[in-house]
Structures are given as structure tokens and as C-alpha cells.
Amino acid sequence: MNKLKSVFTIILMSLLLQCQNEKITISVHTDDTFYVENNGAAMRVSVKGNTESGKIMLIVHGGPGGSSFLYHTKKIQSLLEPCYAVAYWDQRAASASQGTANKATVTLPQFGDDLKSVIQVLKYRYGATTKVYLMSHSWGGMVATQFLTAGTNQELVAGWIFANAVHDWPLNDQNTINMIVSRGSQEIALGRNVAKWQAMIEYAQSLELPISAKQSLKLNDYAWEAMELIEGFTPLNEDDIIEENLISDRIPYTSLFFNLINPVQSHLLREVNEKSFGSLLIKITIPLLVCSGRHDFVCPTATGLDLFTRIGSVDKQNLLFDNSGHNLEEQSEYINAFIEFISMH
Amino acid sequence: MRYSQKLLFVIVLSAFPIFAGAQKQTVIDTTFNRTTPLKAAYLGSIIYPGAKIALEWPTAAYVVTKSKRHGVKSYRKEKYLAASMGMYYHEDFHTNVFLLAERQWRRLRPSGWFTEFAPGMGISRTFLGGTTYRVSNAGVVSKKPLAGYTYALASISSGLGYDFKKLWSKPFKVYSRVSILIMVPYNSYIYARPTVELGIITKPLLFKKKAKYIP
């Protein structure tokens, strides 16, 4: 019986070790998944695409509590991955990341530290000379700015793409308020969705800065609703991407769901509610690409423009996407801009 | 609610079986076979495979007879304590190995069909679905073998099965079960995973060698 137990244990252990075998692919069709453990969180990183290029675009996803699976769209697979590798990183307490992350460790400085660890592991796996480009979207802008303004971290990356993102929470709230009032007034003048716009404008105008985290969340809800009301524009539905890739990407759907509603996310939102990196932006000198969607009420173009004008970088570009909202709707145009930026740096 | 209304409500409720034309009688089954059955099952979450083995300890059995207007209906109720070991493999996410203690209630029809319900508690150890790295303060990257986490586990299951002994005189049952495994504290919150189980329940006697006949 004891022999049987030992044999069983050996088989089980070797199977588990086999599952965690190190697999590093340098190819045009890389599909590697590994984890980075840092301060109680095991964060999933999936590297797909062309690692032979020596260049990796690292996605710093939105949220907080979002998912990097949402960025693995057909367009990114067909346009960007054949040229460069893409690292899909799930932040702590988000998406497929696991562990014991809690209120004490779900803080913005910790996210910045996690990002540093992920970049160090990418360079360890794919070569120290591998160039890493950050592509921060929405909340990911806060994480990337936290990372880039700390110490000499910016030396680890070759460029920064700031796509429909935020670097200054109160300023972004102010920009959302302004956009709801101005675009809403235009829509009312045209007689479109008058009652809905009026309700949103009334709420926006009732807010006195600085607004609370609760008010900021409600404003965010209105920002999403506002995008739905723009005629001739259809916001990208994130659920469609999940549905499309549920099996092929082996998405742990319930982990995404429970991490999204995890109370630590609201705790984090309260922490960052008055956080602004405005005065520190001058420290950042790496090449920058700012992308904004004209219909983005969540992170309005004015937020990207503020970063663009205040950053210390000399090599910088600001692009406006005419028929996009918050979720990079003009996928081909956004991705081609990313490819061009990466190829030039 | 006033007292008279409450009283009326209780009377109506207690008289319900009479109105329904049914009377229920429960008798403890003393002939209950207390041999420990063994369960073996495929356990998976749609495309992610796994397995489960369990032992069931029968604790009680009752024969329930219901008299209705159209005749007598009877079924058996069985109670078990079960201990199981299971695992599932979700590529790139994690492999989960768990131990579970369950309380099972099974209701067997004369036709051989049975239903069951089982809440349980246990412990789970996950193994992350990829090489796991750590970075020291000095920036040195190292690998962590067998990286994963231990969680407290709760489960709730409901199932349907068929006892082949009833009509086919075969000493086994087949069953299917839907369960939800809940792990805590997963990122200081919870993680719930639905699973499906397809298995067989048999008595260890089945594996015993038949005695040779010596004339």
C-alpha cells in the first residue's frame, strides 16, 4: 500500500512539474504563458506573436479589475502579432491572476512595482536586449505613469503608447464633466435623446470638484451611456471578444467575473480618486504616442492632450481617431499606429 | 398578521397533505447494506478535464411510503458521508487538486433512477498553469517550483443517476452531477467554478476474486 502511495505521489508530482515546465519560444508564432509572482499575487502573462523581432508590446489593461484577454482581438492577431510580440499581462486581483492579493497589497505603487517585475521577467525570458513598449489603456494609464515616474524605471522601456488612458484622476473627471455638458448640449440642440442628455448634464453640472469616488463611478457610468447615444457610432462590445475567444484562449471566465466584482477594486478606486501625476510628467523622457477617440467620454481627448503637453519627452506624437470611443473601435487604424510607432523606435 | 389569521394559515398548511390526497409513512430500513461503495468519475468544466474518486459511508436509510388517491408510492432515502479526492486541469490557468468531505442525500425510485444532493467542505491546492517567476529586490529573476495556492473549499452538488441492480441485477450505479466548487480566499475574495461529473458507483465486492469451485 505504501509503495502504491509513493508511486501515485511521484506520478502526480511529475505531472504537475510537467505543467509548469519552462517553455520559451523565439518564433514568429509564439504562444507562451507564464506567471510572475510578486507580493502575494501570481499574475498571468501570455506572450503571443513574433518574438524573433526582439520587440514586445506589453499591454497594461484597463479597469481596475479588467482583463488582458479583452485586447486579444482578431485585428491585433492578424496585424500586430505577425510583426511583433504582444505580452498580455493580467494585473493583480484581475482576470486570470491568482493568489492572496488583498486591500493592503492592491495599491497603485504595488501595481507599478508589479509592472517592473513583469518587464524584468520578459527580458529574462526573451533576452536582455528585447525592447519593451508599454501600451496602456484607460486605468492602465495610471499604472504606467506610476511605473514610469518612479526611479529609473523608464530605462527599462523603449516607448510608451497612451491609448484612451488616464494619468490624472481628478482632471479626467473634470474632462468627462466638460464633455458631457458640451456634447450633450449639441445633441439636445439637434433634438437627439433630449431627456437622457438632460439628465446627464444635470448630474454633471451638480458636481463640485473634488468629487467623491462614488460620484466618480456614477460619472463613469454616464460616460459609457453617453457613448451609446452618439449617432452613427457603435462602441466595441468587450463581451463579444470574450465570447469569441472563450475556448481558444482558455479563458477562466468565472475568475474574470469574480475578480471584477472583488471589493478590493472599489478600495483601489477610493485610493486613486484624487491621484494626479501631472507635476511628475516632466520626468518622463521616453518616446510617446498618445491616441484618443473623439467619442471617448471615459478618458476624453483633453486628458491625452494634457499628458502630451506636460510630458518631458521630445519624441512624441498625438493622434485623434475620429470614429472611436473608449475601446479602440477603429482597430486597424489604432494597431497600424502602434506598429508604426514600434517600428520607428 | 393577526393571531386568528396565523392560526388559519397553520391549519391550512398542515391539512395540505389531506387535500392533496396523500399520507406519508417513513420506516427505518434495518436491512440496509452498510458496505462502503467506491465512486470513480470524470470531472470536468466543459473542455477542461479532471477526475474524482470517493468513498461513501452509508449512515442511514429509510423507506418512505406515500398513500395517494391513485395508489401507493414508495421510495428509499439514503444518507451518506463521503470523502473524495479530485482534480481538474485548466491549461494555462491552474491544476487544482482537492480533498472534499460531503454529506449526501440520495432518493431512489423503484424504477432504479435516483437523485442526490450533497453539500461539502474541504481543502484545495492549485498549481499555476505555467512557469512561475519571482524577481528579487536586486532584479534577479528566479523560478518557483510547484507554485500555487492553498484555499478552503466549499461545494454544492446535485445529481441524477441510475441503479443497475434494480432491474438488471448489476452491482453498480451510474450518475451525473453538477457542482459548484467555491474557493476562498481567492485574491481575498472568492472563486467559484462549475463542474460536471460523470461516474460510476460500485461496491468493492465487485473487485473480489470469485472462489474456485472444488468438487
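Me: Why is R250(A) called buried?
Reply: Its relative accessibility is 17%. Buried means under 20%, so R250(A) counts as buried. The value comes from a predicted model.

Me: Where does R250(A) lie, and what is its phi?
Reply: R250(A) sits in the loop between α8 (238–245) and α9 of chain A. Its phi is positive, about 55°, although R250(A) is not a glycine.

Me: What makes the pair D92(B) and R250(A) a salt bridge?
Reply: The side chains meet at 2.7 Å, N to O. The cut-off asks for a side-chain nitrogen of Lys or Arg within 4 Å of a carboxyl oxygen of Asp or Glu. Therefore D92(B) and R250(A) qualify as a salt bridge.

Me: How many salt bridges does the rule find across the interface of chain A and chain B?
Reply: Five. The rule also finds 27 residue pairs in polar contact across this interface, both residues at pLDDT 80 or more.

Me: What makes β1(A) and β7(B) a strand pair?
Reply: Four bridges join β1(A) to β7 (residues 131–135) of chain B. Pairing needs at least two bridges, so these strands pair. They run parallel. One of the partners in β7(B) is Y133(B), bridged to V36(A).

Me: Why is L146(B) called partly exposed?
Reply: L146(B) has a relative accessible area of 23%. Buried is under 20% and exposed is over 50%, so L146(B) falls in between and is partly exposed. L146(B) is in the loop between β8 (141–143) and β9 (150–163) of chain B. Its phi is near 50°, positive in a residue other than glycine.

Me: Which omega goes with the cis peptide bond from L209(A) to P210(A)?
Reply: Omega is near -5° there. P210(A) is in the loop between α6 (194–206) and α7 (213–229) of chain A.

Me: Where is P185(B) found, and what is omega for the cis bond from V184(B) to P185(B)?
Reply: P185(B) is in strand β10 (residues 172–186) of chain B. Omega for that bond is near -10°.

Terms used. Residues are numbered from 1 along each chain as its sequence is written. Chains are lettered from A and ligands numbered from 1 in the order in which they are written. This is a predicted model: local features need pLDDT of at least 70, side-chain atom pairs count only at pLDDT 80 or more; totals for chains, interfaces and linings use all residues. Side-chain values use heavy atoms; hydrogens and water are left out. A polar contact is a pair of N or O atoms within 3.5 Å; within protein, one must be able to donate a hydrogen and the other to accept it, and residues adjacent in sequence count only if both atoms are side-chain atoms. Helices (H or I, at least four residues) and strands (E, at least two) are DSSP runs, numbered from the N terminus. Buried means under 20% relative accessible area, exposed over 50%, partly exposed in between (1.4 Å probe, protein chains only).
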